[in-house]
Amino acid sequence: MIWNDAPPPPRPRIGPAGWMRVGLRGAALVSVISSGLALALVLRLVERPLFGAHRPVTPHVTVAVCRIALRLMGLRRRTQGAQMTARGAMVCNHVSWIDCFALNAGGPLYYVSKAEVAGWPGIGWLARATGTVFIRRDPREAGRQRDLFAARLRAGHRLLFFPEGTSTDGLRVLPFRSTLFSAFFTQGLHDEMAIQPVTLRYVAPRDAHPAFYGWWGDMDFGPHVVDVLASSAKGTVEIFYHDPVRVVDHADRKVLARELGAIVRAPIAR
């Protein structure tokens, strides 16, 4: 299916009770994220000189913060399967800014994000502090990015990619772009690398639009956060952890990207 960048659903009306929820939940959310970030930064001062690129402690702070944040947003989290524990990478469909909370709540991982995110207020700061890998969509930097991915993977980091290259309404999965998969064919990684496909499927609160949690196109961040916090009914984010796929079993990055995309797409199609 071709993504046509459909207009966002109409915003729900927010009454006095909804604004009260926004205030209470928003204050609690900011407090939890700020406290967790401060703790992680302090621990990193000890962790960095002892372990270098390895982060055996601070990612678990992020996991705890994300689990609490989902509760504050009124989101239940349901999973099928389990996050891989072996060295490798993960790929997932991209629906919303909420994805990072939902995925990090399952266990330590590191995101690969476009370079522009590093400059976003608030989000960029959090991304840098939690070890996100920032890349530029420039063919001239493909070699450098491949070396960076290989170094992080060798350090034991589990990298998570959003190969669609953009977020959607959550009702579809776009074809996976294959460029970034070239890193997995690097000599020394190719024979041992595995990639786990992951599917995110959001179930909107009662009486809300099916794309309620989707955040895409030119949608503003602030109003979307307000709508999520104001909802009185709970929603659900379902996470499907599929079986890891071995890189060595695929002829090239394009074949690998197509197979992973088909696996991720299946629960959405159902």
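I began with His250: leaving aside neighbours within four places in sequence, I find His250 in contact (heavy atoms within 4.5 Å) with Phe185, His190, Val245, Val255, Leu256 and Glu259.

A note on the source: this is a predicted model, in which local features need pLDDT of at least 70 and side-chain atom pairs count only at pLDDT 80 or more, while totals for chains, interfaces and linings use all residues. Residues are numbered from 1 along each chain as its sequence is written, and side-chain values use heavy atoms, with hydrogens and water left out.

I placed His250 in the loop between strand S8 (245-246) and helix H7 (253-269). Helices (H or I, at least four residues) and strands (E, at least two) are DSSP runs, numbered from the N terminus. Is His250 buried or exposed? His250 counts as buried, because its relative accessibility is 8%; buried means under 20% relative accessible area, exposed over 50%, and partly exposed in between (1.4 Å probe, protein chains only). I also looked up the side chain of His250, which reaches the backbone oxygen of Arg246 at 2.9 Å.

Asp249 lies in the loop between S8 and H7. Asp249 has a relative accessible area of 52%, so I list Asp249 as exposed. The side chains of Asp249 and Arg246 are joined by a polar contact of 2.9 Å. For that term I use a pair of N or O atoms within 3.5 Å; within protein, one must be able to donate a hydrogen and the other to accept it, and residues adjacent in sequence count only if both atoms are side-chain atoms. I noted that Asp249 and Asp191 are 58 residues apart along the chain, with 8.9 Å between their C-alpha atoms.

**Helix H7**

At the start of H7, I found a side-chain oxygen of Asp252 within 3.1 Å of the backbone nitrogen of Lys254. The expected span is 1.5 Å times one less than the number of residues.

Buried in H7 are Leu256, Ala257, Leu260, Gly261, Val264, Pro267 and Ile268. Their cover includes strand S2 (89-92), strand S6 (194-203), strand S7 (235-241) and S8.

**Helix H1**

I turned to helix H1 (residues 16-51), whose 36 residues reach 50 Å from first C-alpha to last, close to the expected 52 Å. After H1 comes Gly52, with a positive phi near 65°.
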